[in-house]
Amino acid sequence: MNKIISYLALGAALSMTVACDEYDDRYSSEYASVLRLEQYGEYEMTAWTINDSEKFDIRVLRSGHNISIATTATVRAMTDDEWTSYAATYGLKRYYKIPDDCFRFTDEVFDKTVIDFAPKQISGDASVTIISSKLSSFSNSLPAPEAGEDNIICLPVVLETSNGSVLDAQSILLLKVTSKDASLSISSTGFEKISCLSTSNPIIREYNVALSCDNPWGFSVQLENSAELIETYNAANGTRYTLMGASAVEVLDNQQWKPWADTQLDFPAGTRSKIVTVRISPANVGMMDAFAFRVAQPTINIKTDESLLSNIIAVQVKPSTQRIKIPADNIKASTDDGKHTAKNLVDGKRNTYYTSNPEIHDGDPVYGSFVDITLPNPVRYFAFDYMSRFDYFGDGSGIPNEVDIYVSDDGVTWEMCGNIRKMRSDFNNMSQTMTYGNFDAGKEVKYIRWAVVRGGASGLVDHRENNTTAYWSATALYIFGK
């Protein structure tokens, strides 16, 4: 074990000129060549899994009153026994020593490196390489930390010498290593629904495609209008959206709008983000079209998460600018309060409304509280305008929160056509109108059922239950169809 040097003696040793060639016997021989780590104490580094490995450089400094002699320095990892004792002494309960297969000092000897100091040489360099992929696996295998704390992964490094002295205060490096996945994301994600007319202004969306770390490598990704993304969304949500054609979507390229085409987006080294701007023209949008923007196929090992790299914009161009006029006898409700009946939903008046039964009643076990509409003429595509009550908003409990849409050829056999979820969050005032659709019946139909299945003050009350008092109301429920 190297002898611990007092700070007073060290000061005297370091004050001697390193250029002195002759040994000065006024000082003990142990101070002739004194070694210390330039990086000592706790240091932090990140091991990105995007790389196979990450290197940390370590410099050993030498001083003393006779550096004309040769000196050997050893930079090594603590043994498991040494680490156990060290961690216990300093209370490092949340620290975990990196396993042997997660680092290398040299290819020949994984746990240490030796620096031979020539006469008068005052510094020497070593490095330790962290194996990023293996460190990530180790990090994921650790027990979950306690609340408010993090696991700390570290490599404890010791400086030693066999012919001289080591400054004890600068003899240990605790390299704290964080394993991180590089990831890509876009600024707008999820599903967005826009209702408009074919004559509406173009819809412009700007996407910031960003890397979560610095980019010393350079890479590229593919930009797609993805049919697969649309199919996945339809399957999960019972919708029938179709992929928007290139004639409806343009992309900004060198200050010029060009028809959309799946293409490569390059990130030269040093570039962390790029802006992609698209423009959608409602006049060229089909009845059930959606633009499914996706970033895919990065050319380097970047963690990809579909939810962070995709955005669906369903542009609902109303099938008609004029609502379908529904005769009062063509709309029927499963329940009402005896005064505000279903005909008020289509009478075109803003001072009347419909309310379902607010007293104790049994909801339909499948359809909850519903309204059936018989169309004057069959339609395939349709949308609703729902207007909240003109005289009351309060907590919004009268607004449905989830609605199932059914269609029928005969008014007897019903097929689900679509679903509206979290409808309550669309409203913040009375007499507010929101558009829902477009819906595709898959064929021309004459009967449509608006089936409220969840609502109430919490939005979670099930209208299909027995002995429920859940109700809903509206000033208007208009249909636009084609």
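Predicted model: local features only at pLDDT ≥ 70, side-chain atom pairs only at ≥ 80, totals over all residues.
A cavity here is a set of grid points where a 1.4 Å probe fits but cannot get out.

**The enclosed space**

The structure holds one cavity of 30 Å³ or more. The volume of the largest cavity is about 80 Å³. Ten residues line this largest cavity, and those closest to its centre are R389, Y392, G398, I399 and S473. Sorted by class, the lining has five nonpolar, four polar and one charged residues.

How many of the ten residues of strand β9 are buried? Nine are, so strand β9 (residues 152-161) is largely enclosed by the rest of the structure. Buried means under 20% relative accessible area.

Strand β9 pairs with β4, β5 and β11, as the table shows.

| Partner of β9 | Residues | Bridges | Direction |
|---|---|---|---|
| β4 | 71-77 | five bridges | antiparallel |
| β5 | 95-97 | three bridges | parallel |
| β11 | 172-180 | six bridges | antiparallel |

A73 stands opposite T161 in β9. Y95 stands opposite I152 in β9. On the β11 side, V177 is the bridge partner of I153.

Strand β5 runs parallel to β9. Strand β4 runs antiparallel to β9, and so does β11.

**A five-stranded open sheet**

Another set of strands forms an open sheet. Its five strands follow the order β12-β14-β20-β17-β18. The pairing is antiparallel. Which strands stand at the edges? They are β12 (184-186) and β18 (256-259). Each has a single partner strand, so one side of each is left without a neighbour in the sheet. Neighbouring strands of this sheet are turned by 30 degrees against each other on average, with direction ignored.

Four bridges join β17 (residues 249-253) to β18, and the two strands run antiparallel. Within this pair, L252 stands opposite W257 in β18.

**Where to look**

For the largely enclosed strand, follow residues 152-161 of β9. For the open sheet, trace the strands from β12 to β18.

How values were computed:
Residues numbered from 1 in each chain as written. Heavy atoms only, no water. 1 Å grid on protein atoms, 1.4 Å probe; cavity = no way out; pocket = protein on both sides within 12 Å on 5 of 7 lines; lining within 4 Å. Points joined across faces, edges and corners; volume = space filled by probe spheres on them. Nonpolar A, V, L, I, M, F, W, Y, C, P; charged D, E, K, R; others polar. Pairing = 2+ DSSP bridges. Axes fitted to C-alpha atoms, helices over the stretch in contact; angles between N-to-C directions. Buried < 20%, exposed > 50% of the residue type's maximum accessible area, 1.4 Å probe, protein only.
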